[in-house]
Amino acid sequence: MSVLNEILAFNHQFVENKEYEPFQTTKFPDKGLVIVSCMDTRLTELLPSAMNIKNGDVKVIKSAGAVISHPFGSIMRSILVAIYELKAEEVMIIGHYDCGMSNVNADGLLAKMKDRGIEESTFDTLKYSGLDLKKWVQGFESVEDSVRNSVQLVKNHPLLPEDIKVHGLVIDPATGRLDLVERGE
C-alpha cells in the first residue's frame, strides 16, 4: 500500500470516529505567536512539547533550516498575514543544532539535480533570469548566524509594525533544550 493510500484510509477512520474534536480551535493563535522553524522530522512533536504549545496556540511556518531567504517571499508573506490578519504579536525564528542545511553544498545539490534529470539548459535559463542558483540552495555554517540573519530580515522588513518582537532561538533536537540567540525588544 502506498503512503497516500495509508493516510487516506487512516483519515477516513479519523473523521468517521470524530477524532478531530479535541483539536478544534479558531484560526487565531491563542499565544499571539508565529514561529518559523525547520522542517526537520525530529521537531514535529518535540518543538511544541518543549515549548508547551498546544493546538491553536501558535502559527507555525516550516522551511529548510528555518531560513528566510527572501524579504518578499512566501515565508515573509505568511509572517505578515499572521500579524495583520491573525493577530500574532511576536515572531520566533527557531533553528536547530545538527541541521541538514549546515551540510548542504550547492555544487553537490546541483549535481544531484542533474543526476535526477534536470537539464543543464534549465540551470542556464535560471541563471539568465537573474537567479544565483548556488546562493539560493547553499546551506549555512553556523545555525546561530543563520537564525540571526533571518531575525534581522524580519525585524528590518519595511512592512513589519514597530511593536512586533522578533526573537531567535536554537533548539537541541535530542533534548528539546532552547538556547536564546536574540531577544526581540
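Which helix gives the most residues to the lining of the largest pocket?

1. The model is predicted, so local features need pLDDT of at least 70 and side-chain atom pairs pLDDT 80 or more, whereas totals for chains, interfaces and linings use all residues. Residues are numbered from 1 along each chain as its sequence is written, and side-chain values use heavy atoms, without hydrogens or water.

2. H7 gives the most to the lining of the largest pocket, namely four residues. A pocket is an open set of points on a 1 Å grid over the protein atoms alone, where a 1.4 Å probe fits, with protein on both sides within 12 Å along at least five of seven lines; lining residues have an atom within 4 Å of a point. The volume of this pocket is about 550 Å³, taken as the space filled by probe spheres set on the points, which are joined across faces, edges and corners.

3. The largest nonpolar core has 39 residues, of which Ile 35, Ile 79, Val 91 and Val 154 touch the most other members. Such a core is a set of buried Ala, Val, Leu, Ile, Met, Phe, Trp, Tyr and Cys residues joined through side-chain atoms within 4.5 Å, buried meaning under 20% relative accessible area with a 1.4 Å probe, protein chains only. H3 supplies the largest share of this core, six residues; helices are DSSP runs (H or I, at least four residues), numbered from the N terminus.

4. A second, separate core of five residues includes Ala 106, Leu 110, Leu 133 and Val 137.

Note on methods. Buried means under 20% relative accessible area, exposed over 50%, partly exposed in between (1.4 Å probe, protein chains only). Helices (H or I, at least four residues) and strands (E, at least two) are DSSP runs, numbered from the N terminus.
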